[in-house]
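Below are some notes on the model you asked me to look over, arranged as numbered points. Please read them with the structure open beside you.

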Amino acid sequence: MVNKVTMQQIADHLGVSKFAVSKALSGKPGGVSPETRDKIVSVATQLGYFVNKQTKTAAKRNKPVSINTNTRDTVILLVPKVRFQTRDSYFWGRIIDGITEELADRDIGALVVTEHFKDNFSNLINPSGVLGIIGVGFIASKMLLEIRNLGIPFVLVDHEDPLIPSDVLFMNNVECTRRVTNYLIGCGHSKLQFVGNTRYARSFIDRYTGYRTMMEEHGLALNQEEGLLSFEGENRSEITEALEAIVKELINEQRLPTAFVCANDSIAICMMTVLGKLSVQVPEQCSVTGFDNIQDAEWAKPTLSTVNVQKEALGRRAVEMLLRRLEHPDNLQEKVLLAGEFIIRESTALPKGG
C-alpha cells in the first residue's frame, strides 16, 4: 500500500512551515504569498498528495449518485471574464448555450457565474446544494484548488490545469490543425506560418503542435516568424495593429509566406484585414485559415476557410461528462477530444504560379 503524503513531508521538502502548507492547500486566500502557494501546490502534486488524500467532503461524495431528473439540483457554469471569454462571444456563448440547454432537458438548474471573485468562492455558494461545476475556458489553479477542497465534482472545457487533475473536454486541436496544414501543403504551399500566441491557451499550443508536426512530416522547414507566435492583443483592433507591424516587415524583407494558419477565426479575420490594407490579395497571393467557425467567418470577405467546432455539442458533452463523473466517482479521470470538420471557403487557393 502506498504511504500517504503528509503536509509535514511537503513542508520539509520546501523548507516551509506545516502551517504554510495547510493554508496553501486549503484553497483560501491569505497566510502565504501567491508564489509560495504555487510552489506548495506544485510540490504536493509531484509527491502525489492529491492522489493519495481526499478531503472529508470529497470522501462523503465518493459514492455513486443517482441522477434524479425530477429534482432541480444546480450546476454552476464557471466562466471567468477573461478577454473574449464571455457569454456575448459567439464561440464561448454557444458552448454555454449547449450546457444550459442540456441541463434544462434533464431538468437540472444552472447558474452562470462570469465575474472575478474578490472573496472566497466558497462564500458565494452553498456546496451542499451544488451538483457539480463546469468550467469553461481558463480558470486559475487557486480557484480550482478551492473547488476541489469543497468536494464538488467539476469538469473543464477547453482548459487543463497542470496542478489540479480533473476530467477535461477539448476539440481535437492537434488533429484538426494537422488536417488544415496537410490540405495547404497538398495545394502546393511550402512557405507557411502559424499565427497565434502559443502562451495564450492550451488549445493554441495544441494547434501549433499539429501544424508543426505536419510540416515536419512533409520535410518542410518551419522558419517561423517568432513575433507571430507571441504577439499580444485584447481585442481585434489591438490584434490587427500588432499583426500589421510584423506583416509589413515580412513584405519589406520579401519573406511573406504564401499561407497563414491562424489559431482562431478572429486572428484570421484580423490577418486578412492587414493583408488587404497592405495590398496583398487573399487568396491569390496568400491563403488564410482559421479555427472555430464563428459567424464572422462566413461573413468575412473573402469567406474564411476554417475548422468547424460544434460549440453547442461541446457544451452538451460537458454535461454528460459531469453526470458520468457523479455516477462513477471512482472511475479514472478522462480527457475527451471531439472531432472537427475543415470547411473550405474562399480564403484558400493554390499558391500563385502553383
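1. Residues 24 or more positions apart account for 70% of the contacts with a separation of 6 or more in the protein chain, a contact being heavy atoms within 4.5 Å. The chain holds 13 helices and 11 strands, where helices (H or I, at least four residues) and strands (E, at least two) are DSSP runs numbered from the N terminus.

2. This is a predicted model, in which local features need pLDDT of at least 70 and side-chain atom pairs count only at pLDDT 80 or more, while totals for chains, interfaces and linings use all residues. Residues are numbered from 1 along each chain as its sequence is written, and side-chain values use heavy atoms, with hydrogens and water left out.

3. Of the 354 residues in the protein chain, 50% are buried; buried means under 20% relative accessible area, exposed over 50% and partly exposed in between, with a 1.4 Å probe and protein chains only. The accessible surface of the chain comes to about 16900 Å², and carbon and sulfur atoms contribute 49% of that; the areas come from the Shrake-Rupley method with a 1.4 Å probe, and for residues only the protein chains shown count as cover.

4. The largest nonpolar core has 72 residues, and those touching the most other members are Ile134, Val195, Leu243, Phe260, Met271, Leu275 and Val288. Here a nonpolar core is a set of buried Ala, Val, Leu, Ile, Met, Phe, Trp, Tyr and Cys residues joined through side-chain atoms within 4.5 Å. Helix H11 (residues 265-277) gives the most to this core, with eight residues. Apart from it lies another core, of 31 residues, which includes Ile40, Val41, Leu145 and Ile147.

5. Which residues does Phe260 touch, leaving out those up to four places away in sequence? They are Gln193, Val195, Leu228, Met271, Leu275, Cys286, Ser287, Val288 and Thr289.

6. Helix H11 is largely enclosed by the rest of the structure, because 10 of its 13 residues are buried; among them are Asp265, Ile267, Cys270, Met271 and Leu275. From its first C-alpha to its last, H11 reaches 18 Å, close to the 18 Å expected at 1.5 Å a residue, the expected span being 1.5 Å times one less than the number of residues. At the start of H11, a side-chain oxygen of Asn264 comes to within 3.2 Å of the backbone nitrogen of Ser266.

7. Some backbone geometry deserves a look, given that most residues other than glycine have a negative phi, and most peptide bonds are trans. Ser279, in the loop between H11 and S8, has a positive phi of about 65° although it is not a glycine, and at 61% relative accessibility Ser279 counts as exposed. Asp107 likewise is not a glycine but has a positive phi of about 60°; Asp107 lies in the loop between H6 and strand S2 (109-113) and is partly exposed at 26% relative accessibility.

8. The bond from Val282 to Pro283 is cis, with omega near 10°, and Pro283 is found in the loop between H11 and strand S8 (287-289). The bond from Lys301 to Pro302 is also cis, with omega near -5°, and Pro302 is found in the loop between helix H12 (295-299) and strand S9 (306-308).

9. A search of the whole structure finds 20 salt bridges, each a side-chain nitrogen of Lys or Arg within 4 Å of a carboxyl oxygen of Asp or Glu. Glu102 and Arg316 meet in one of these (2.5 Å, N to O); Glu102 lies in helix H6 and Arg316 in helix H13 (residues 311-327), so the pair ties together parts that are 214 residues apart in sequence. Asp105 and Arg316 also meet in a salt bridge (3.1 Å, N to O). Glu102 is buried, with a relative accessible area of 9%, whereas Asp105 is exposed, at 58%, and Arg316 is partly exposed, at 25%. Glu101, Glu102, Asp105, Arg106 and Arg316 are linked in a network of salt bridges.

10. Leu103 belongs to helix H6 (residues 90-105) and is buried, with a relative accessible area of 1%. Neighbours within four places in sequence aside, Leu103 is in contact with Val75, Leu77, Ile108, Gly109, Ala110 and Val319.

Technical notes: Polar contact = N/O pair within 3.5 Å; in protein donor to acceptor, adjacent residues only side chain to side chain.
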